Structures are given as structure tokens and as C-alpha cells.
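My comments are below as numbered points, to be read beside the model.

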Amino acid sequence: MTKKTMSILTVAAGLALTMLLIQRLRQLAPRPAAPSSNPRIAAYEEQTGAFMQVDPELILYHETAALRPPGLATVTAVATDDEHRIYAGGGRQLVVMDRTGTELRRMTFTAAVTCLATDPQNNLYVGLGNQVESYKVDGALRTRFTGIRQEALITSLAADGEVVFAADAADRKVMRFSADGVLQLTIDGRENAGGPGFSVPSPYFDVFLGQGRTLWVVNPGRQRLEEYNYDGEHIGGWEDAPGLQLENFCGCCNPSHAARLSDGAIVTSEKGIARIKIYTRRGAFTGVVAAPGMFDSQILSLDLAVDAHDRILVTDPARVKIRIFELINYTDNHNE
Amino acid sequence: MTQASTTPAQPEKLTRSGFLRRWLGGLSLALVAGLAGATSWKSKRKTQVWQLDPHKCVHCGNCEHACVLKPSAVKAVHAYVLCGYCKLCGGYHHPQAKNLDTAAESQLCPTGAIKRTFIEDPFYEYTIIEEKCIGCGVCVKGCSQFGNGSLFLQVRHDRCVNCNDCAIARVCPVQAFRLVPADEPYLLKGV
């Protein structure tokens, strides 16, 4: 074998080994995305997707503003007061804005803001996991609430100036406090001693004030809204058949949030299929505020607040905005 | 004291055989490095197994068909600590179920691989029957959308043959598959 042939063979062997090495490296590299072709998943998406469509005739509200709270990375809690100030909470921050979205004040807390509420004197109540704090309108601390368990998860607050209700999703109970933060009583939702009480499968447990000194509690595991007097006695409520249909509440933890309009009608938001709807106080479906197509994700925590003009304020964590909806044509169909 | 030479250094003339020698020398070094790397990877590979990161998974359904095993080595698993034990379970009930019962037409799982057990009103426990699970992930999709995401998919290493080049990883749209230490083969939720 000549020297030249040897060289050629060596080069050929080297090239072959190099190609093998390249092939192995290519196998280790990330692959391009391949779409799913599983018919079971496709069928599921088609079935749930059908419920995302809403008859435009049923949409009673339109979006009139979308405010981005300055400096917030996320927005998960909202409240408003009689002076049209908007309180937006996300992470450990809270931003107070005027109705145009201009920042008035900013507050930073030691824990994440889990819920917000105001009272008729425009005092602010802030839920911070297992703590509740109240602040004057100028931002000065009024009080830190006492009597809350270390394991508590406060997911909702409602205040009328005399008492404050706090929903604890971890303990599945609602606590009533005096305005200065002293625990007065606990509502467990049990109609009798052995009753099941509130069913809270996930950290969504909302309360809001009714008309005439009543408290509404969302019982999400049962797709039910229950009305109590201030002493914790169950006085009424309604439940909806669970289901994906527009007039029902979808999934196991819905409605995730609720609020009351001035005429007593109830506005609800859901997760799983992100939609906001209106019911009469007796539970009759009235119409839609925002259809699923208005949201970038269907798995969102859409906190709600209603201002003095019955405008509905909604947190949109995906867009980091407070979205505001107003009635298109008012009809008196909220009253029964 | 040595006088520095003023004669400029002449560049060495590159002959054809010299060029070939240099080129082959470089190639040999690259090959040695490559082989060392491949050997090291192979030795490391023996102590690693494929697993699916449930936080990246988008429950596309590819795990059911792409695995070389039939049924797939990927199965649904349940993080009880995350579960709400609901009567209405997005992972168990068909989205169009008329009743929240255990009738076949009410169930989402195509093979009836989820067992529902009444605990106390209104709580139910959901258990995966591994032998029936085909890894399609439709329960995971339902649980993620409407529930707490307590159902998720994992490669079961009592079944997985641990291919060098995992067939599911190759088609995973979000690169959720990765090699993990064989002595910690699961990526669990809720722990």
C-alpha cells in the first residue's frame, strides 16, 4: 500500500468518525416542536372550546377602560371606593390610582396582597395571607387584626364601617371582626353540627356584603352562593347546576369571585372558562359582562369590584391590567 | 552579550505532506476529545433516566402514542395533597356529563382508569388504576383547566425501557422530557 493510499484512507476514516460525532450531538440537541395529533385531546379541546362561544345578544356590558397599575408585575386584587379611587394589588405591592389610572400612592407590604376591600368611610382593608391590616384614606395604618390563625389564608374581605368579614380559605371559615380588628365570631357554614360546611377545594373563597346587613359567601365546591345575617345564621342563597353551559358554573371551584351591584344583582367570575356573568340575587342568569374570548388565558383569577356607578372592575393577571366594564343599555331586568 | 539577528525570519514553506500531517494531527486531537466526551456521556447516561417535568407539560397527548411501549410507559399520577377531593372533578368528569356520577358516559377517561371513592359529603377521592392508564393525559388536561392540577403525567420506571433516545422526548412540543438521576427518577408535584 502506497503512502498516498494510506493518507486517503486515514482522511476517509477521520471524516466518517466526525460525521458520527456530529450525528450524536444532533440527537442530543433540542428537537423542533411537533403538534399533538392525539384525537382524545383534540376532542376534549373541541368540546370545551364550544363553551367559549357566547351569543352576542347575551353580552350586556362593554369594556370602557383597561388601566395598567404603574410598577406592578402582576395584579390579583382590586377594590374601589366612593371617591372613585382604584386599589390594585399584586405581589407585595399596592397601587392607588385615580379613575384615569394615574398613581396617587404606593404601598409595600411584607407579604403578598391576597385581597382588598374598602368601607363607606373609604378606609382600606388589606389581606396579606394570614394577616389583615386596615389603613386610613391617607395611607396611615389604623390597625392590625388579631385572632387570626397562623395557618390562615385570607382570600376575601368585606367591610361596612362597623364590622369586617374575612374569608379564610385554609380553615374554610368566615371571621367577623370589629372595625378595629378584634375577632367577634366565626361562620363555618354548617347548617347543623355534623353538616359539611363550606367546601373550598382551592384558594378561592369570596365574600361580599348584601343589602340590609347581610353577608354573601361563595361556597365554591358546591357552586353555591349563600346569604347570612351578621350573626352567621344562614338565611338564603342559591346554587347552580355545575357544568360548562353559560348559565352554569364550570369546574370545581366556581364562582371564584363575586360582587354585588347596587340593585342587588350579583356579578360572578369563573376560572377554567374565564367568563364574567350577572345573576339576579335569587340566582337567575341575566347576561354576560365579559366572554371567554376577551381573556388571553382561561385559567385566571379574575377578582371583581363594583364602583358607585355600577361599573365592574376586573383584575386581568395575564395583561397586568384592571379592566373596566360598563352596561351597554340598562334594563331593569336585575330586579325580581 | 548576544547580537540580535537582523535577518528577517523566513516563513516555513508549507508542503502538501506537511499540510496533510497538520490537518490529520488536528483531526486526531478532535477525535480523541470527541471520543472522551462520548464515553463520559455514556457513563453518565447509565446513571440517568428520562422523566417528564409536570410543570412544563402541556398535556398534548403525544405520550400515549410516541412511546415505544404499548401501552405507554407514561402514566397519570395523583398528588393527593393538591387535590380538592371535589364531587365535580374536571379530571374525572366529562365536560358534557349530565350527572356527577360514576356512569361510563360521565367519565372523561377513555379506559375508566380513575377510581372514584366517596369519603364524606361532599368529598371524593380519585385514584389512578395504573394497569388501565394509557397515558393519553386527557384527565390531566381537565384537572389543569378546571381543578388544582393535582393529576399529572410521569414516566413510570417500573415499565420504561429507558431508550438512549427517548421517542416521546423527540416529539415533545415543549421539551418537557429530560434526563434525571436514576436514584431520583420522578419529578413530582406537591412535594
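1. In chain A, β2 (77-80), β6 (115-118), β10 (154-159), β14 (207-209), β18 (257-260) and β22 (304-306) each give at least two residues to the lining of the largest pocket. The largest share, 6 residues, comes from β10(A). Strands (E, at least two residues) and helices (H or I, at least four) are DSSP runs, numbered from the N terminus.

2. This is a predicted model, with local features needing pLDDT of at least 70 and side-chain atom pairs pLDDT 80 or more, while totals for chains, interfaces and linings use all residues. Residues are numbered from 1 along each chain, chains are lettered from A, and side-chain values use heavy atoms, without hydrogens and water.

3. The largest pocket has a volume of about 990 Å³. Of its 46 lining residues, Ala117(A), Leu157(A), Phe208(A), Ala305(A) and Val306(A) are the closest to its centre. A pocket here is an open set of points on a 1 Å grid where a 1.4 Å probe fits, with protein on both sides within 12 Å along at least five of seven lines; lining residues have an atom within 4 Å of a point. The volume is the space filled by probe spheres set on the points.
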